[in-house]
Amino acid sequence: MSADRGFETLRAVVPSVSRETAQRLMEFEALFRKWSKAINLASPSTLADLWNRHILDSAQIFPLAPQATRWLDLGSGGGFPGIVTACFLKDVPGASIDLIESAGKKAAFLRTAAGQLDIPARVHAVRIEAMRDKITSPEIITARALASLTDLFTLAEPWLTNGSKALFQKGRDYQREIDESRVGWRYDLVQHQSTIDPASVILEISNLRRAGS
């Protein structure tokens, strides 16, 4: 893909994107493909359409909270949306994102990507539970293809019940997950239609609390 084509497709998702950010994301795509030859960073069936399926899909998160400076990405995997978000945050003064990924090889990739791209991302190669007391007051929490909504609430409860907001990407089964989560949890919900996949949404969650509390 040419630099101009990459920039134009990004502008369709994030109209304010800079050419520098577009270049960083294209460099990330190249690095991702290189590492994917050695370790499983994403489903092989999606690599042919990596730019749209993963990078643009992750990029649509940033415009939902462009002024936020403290981000946290749970189960970052191959860097979606964490590294992609960090590429945008480089243009936001004082902004940074913490990426939690317990798989050692994936964490090593994330650290390499953050270093080579010179983006404000800190990588923690531990389980999410181990960082509950160490990462305080993130404004935005993200997760993509990590767990069910109910399980995400359990993982992120210390932050989401303390003022943080979540932007969780969910696929076509999202309504079932919402219904199941309502059994044990109460929260404010705004649904954002995905600009990449008509069957997917981004769930904006705030004011999380346990049912009955």
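Strand 5 (residues 165-170) and strand 7 (residues 201-210) pair in the antiparallel sense, over five bridges. Pairing requires at least two DSSP bridges between the strands. Strands are DSSP E runs of at least two residues, helices H or I runs of at least four, numbered from the N terminus. This is a predicted model: local features need pLDDT of at least 70, side-chain atom pairs 80 or more, while totals for chains, interfaces and linings use all residues. Residues are numbered from 1 along each chain as its sequence is written, and side-chain values use heavy atoms, without hydrogens and water.

Strand 5 also pairs with strand 4 (residues 140-144), in the parallel sense. The chain crosses from strand 4 through helix 6 (residues 149-160) to strand 5, and this β-α-β crossover is right-handed (clockwise from the first strand over the helix to the second, with the strands pointing away from the viewer).

| Residue | Stands opposite |
|---|---|
| K170 | V201, strand 7 |

Five of the six residues in strand 5 are buried (under 20% relative accessible area, 1.4 Å probe, protein chains only). Helix 3 (residues 50-59) is largely enclosed by the rest of the structure, because eight of its ten residues are buried. Among them are W51, H54 and D57. The buried residues of helix 3 pack against strand 4 and strand 5, among other elements (contact: heavy atoms within 4.5 Å).

F28, F32, W35, F80 and F109 form one aromatic cluster. Both F32 and F109 are buried.

How values were computed:
Buried < 20%, exposed > 50% of the residue type's maximum accessible area, 1.4 Å probe, protein only. Phe/Tyr/Trp six-rings, centres within 6.5 Å; stacked < 30°, edge-to-face > 60°.
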